[in-house]
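This report looks at charged side chains and how they pair. The sequence and structure come first.

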Amino acid sequence: MSEGKVPDTWWVTAMATIEPSTRREILLPAPPYTVDDLFKLPDDGNRYELFNGSLLVSPAPTKLHQLAIVQLQHILYGEALPEMVVLSTVNLRVTDKDFYIPDLVVVPVESMHTDPLMFSPEEILLAAEVVSPSTKMRDRGLKVMAYAAAGIQSYWRVEMGEGPTVYVYELNGDSYDPPTAYKAGEVANLTTPFPVSFDPADLECPRR
């Protein structure tokens, strides 16, 4: 398997068929799809991603999902080093058939002056996903595998239905070690990509 590729398993293909979609019918070539094919899709509020050429569609995030992204971005922004930037919902192109849209990332400042539309995996210091009912299978399994294969050092998975709880994955070779869970009511003291401490309960509070 080449670096940055997700294995073409029946499960990956099946994911493309069970994700909900409200988009109107669009004429696309037969799969596997490419990043260029995504630009033919409408700007209809859905999120389109590619996993080894399989198209995955997610509806617009819920209110609580959006609040968690905003709160986490605010927390990270307050502690980020001057040479780092915190962004939400960016385009991450790994290969022509592997394209992701993380809920939140931390990237180096210099990466803001490379490709104006896409980030590459080596520019992602942290990727974070807030789990929702429509994305739970991919966030808990597929993206763990995909982000590790892409070489992304840190991946945070936020489970709002667990208090909330933040699961922190750190890359070890070409895979992530088992995650460390930080539950609401306890302080997560993290060091990657920079030192930051917060209570996961803050992610569902309108004010921090």
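## Overview

A salt bridge here is a side-chain nitrogen of Lys or Arg within 4 Å of a carboxyl oxygen of Asp or Glu. Side chains of opposite charge can pair when their charged atoms come close.

The model is predicted. Across the whole structure, the search finds eight salt bridges.

## A linked network

Some charged residues join up. Glu 49, Glu 129, Arg 138 and Lys 143 are linked in a network of salt bridges.

## Asp 103 and Arg 47

Asp 103 pairs with Arg 47, with N to O at 3.0 Å.

## Arg 140 and Glu 159

Arg 140 and Glu 159 form a salt bridge, 2.8 Å from N to O. Arg 140 belongs to helix α4 (residues 136–149) and Glu 159 to strand β8 (residues 154–159), so this pair ties together parts 19 residues apart in sequence.

Arg 140 is partly exposed, at 42% relative accessible area. Glu 159 is buried, at 3%.

## Asp 37 and Lys 40

A salt bridge also connects Asp 37 with Lys 40. Their closest N and O atoms are 3.5 Å apart. Is Asp 37 buried or exposed? Asp 37 has 8% relative accessibility, so Asp 37 counts as buried; the cut-off for buried is under 20%.

Conventions
Residues numbered from 1 in each chain as written. Predicted model: local features only at pLDDT ≥ 70, side-chain atom pairs only at ≥ 80, totals over all residues. Heavy atoms only, no water. Buried < 20%, exposed > 50% of the residue type's maximum accessible area, 1.4 Å probe, protein only. Helix = DSSP H or I, 4+ residues; strand = E, 2+ residues; numbered from the N terminus.
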